[in-house]
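This report describes selected features of one protein structure. The sequence and the coordinates come first, and the description follows.

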Amino acid sequence: MLNGKRILLIVTGGIAAYKTPELVRQLIKAGATVRCVLTRGGAQFVTPLALASVSGDQVYSDLFSLTDEHEMGHINLSREADVVLVAPATANTLAKMAHGLADNLSTTVLLATDKPVLAVPAMNVRMWEHAATKSNIAMLRARGVTMIGPDEGEMACGEWGEGRMAEPEDIVLALSSFFGSTAPLGGYSAIVTSGPTHEPIDPVRYIANRSSGKQGHAIAQALKELGARVTLISGPVDLPDPQGVKVIHVQSARDMATAVEGALPADIAVCAAAVADWRVDNQAPQKLKKGIDGMPSLSMVENPDILAALSRPGERRPQLVVGFAAETENVLEHARAKLAKKGCDWICANDVSPSTGTFGGDQNTVQLVTRTSVEDWPSQSKFHVAKQLATRIAAHLGAQKFAHKPGEAS
Ligand code: CTP
């Protein structure tokens, strides 16, 4: 996947640095050559000897070492690479990168390089969520630095949350998709709908629902990370746009339907949006006034069903159409009925009763209902549900490539 690519790996001082020999091993296995720069902090968690052994090259660590400069000047370190990969990238290194500090070999290389930079953040969840880190990340992204991860999970400090370094295999995958090589969904295009819709009553009031968009956005990101070209059509949400994904922001169900239609053709469609079933038919052109208009009487009319329209047989039907069934009772029964009624291939059924905390929360418990089976997925974060769904889609389309019977999905 990374044949002939030259990677300059900068290992900074996070506990996740202990995983870097395995990362180097997997990068080399994928066909890359790897040269390492190790900071003093990084060397607390992994030895130069370990990195030198797996990379088969000298490890550079000192900006003022005559020997290092003689072997390979610090400017040449990145000149001789195709990309610079910072893994783990600590909050401190990311802050220095954002502000152009160059106080050791790694930050000097990063300031001097004209090569693409990919960073794999790894830190405690509170550091990751700190406004300073958020603003540094946004600054680096705007400057073209690609972020890989972080993952969510248990941290070395015992806390749970976002901030774990992405796994070595995910870093290899992200790099290969960066180089445009054969990621599992490379060459596939996907449409994902996400978030609620707002149905106007008058120019200032609307009808909405409690969807946060977290699940749909995570799915768009996960499909992108497997190499798909993704268009995310999102209702109003309080989330950043996923990186590397084309995002179309909409308000109402009708806007969403038009945007989906405009994004076709696509190979994959995942409808995770909580689309309002009805809109106000007698929308007021001006703000309704209590004193003048009195108690409003809303007349409702049904919205277009985006999932059903996408599932309709025809030339523009995506190869795989996945819907969600948000239910509060008889989840499986309703999901099966929805699969049949809407004509999609799979339904991710989830219980959104208030006691589950699914709507707006971070966890989700999904049953994947296909035309022939029901898979019970574990209760996990929306991030992991998204990863599992994207992997399942990639496996399904991969298998279909070899045994495709039109109109049939497992
Ligand atoms: N959906 C859609 N367009 C609509 C309504 C729903 O695309 N106008 C999609 C959702 O994105 C989801 C699936 O249909 O993938 C099911 O949504 P849900 O709200 O659970 O079901 P409804 O179709 O609204 O049916 P009901 O309200 O009877 O449960």
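## Aromatic pair and strand layout

The structure holds one aromatic pair. Phe178 and Phe179 have ring centres 5.5 Å apart and planes at 80°, so the pair is edge-to-face. Rings of Phe, Tyr and Trp (its six-membered ring) pair if their centres lie within 6.5 Å; planes under 30 degrees apart count as stacked, over 60 as edge-to-face and the rest as tilted.

This is a predicted model, in which local features need pLDDT of at least 70 and side-chain atom pairs count only at pLDDT 80 or more, while totals for chains, interfaces and linings use all residues. Residues are numbered from 1 along each chain as its sequence is written, and side-chain values use heavy atoms, with hydrogens and water left out.

Buried means under 20%, exposed over 50%, and partly exposed in between (1.4 Å probe, protein chains only).

| Residue | Relative accessible area | Class |
|---|---|---|
| Phe178 | 35% | partly exposed |
| Phe179 | 24% | partly exposed |
| His217 | 6% | buried |

His217 is found in helix 10 (residues 214–225). Helices (H or I, at least four residues) and strands (E, at least two) are DSSP runs, numbered from the N terminus. Leaving aside residues up to four places away in sequence, His217 touches Ser194, Leu232, Ser234, Val237, Leu239, Pro240 and Pro242; contact means heavy atoms within 4.5 Å.

An open sheet of six strands has the order 3-2-1-4-5-6 and parallel pairing. Strand 3 (59–60) and strand 6 (146–147) stand at the edges with a single partner strand each, so one side of each has no neighbour in the sheet. Two strands pair if DSSP finds at least two bridges between them. Strand 5 (residues 117–121) pairs with strand 6 in the parallel sense over two bridges, and Leu118 stands opposite Thr146 in strand 6.

Strand 17 (residues 320–327) has seven of its eight residues buried, so this strand is largely enclosed by the rest of the structure. Strand 17 pairs in the parallel sense with strand 14 (residues 268–271) over four bridges and with strand 18 (residues 346–351) over six bridges. Gly323 is the bridge partner of Cys271 in strand 17, and the bridge partner of Gly323 in strand 18 is Ile347.

Strand 17, helix 14 (residues 331–342) and strand 18 make a right-handed β-α-β unit. A crossover is right-handed if, with the strands pointing away from the viewer, the path from the first strand over the helix to the second runs clockwise.
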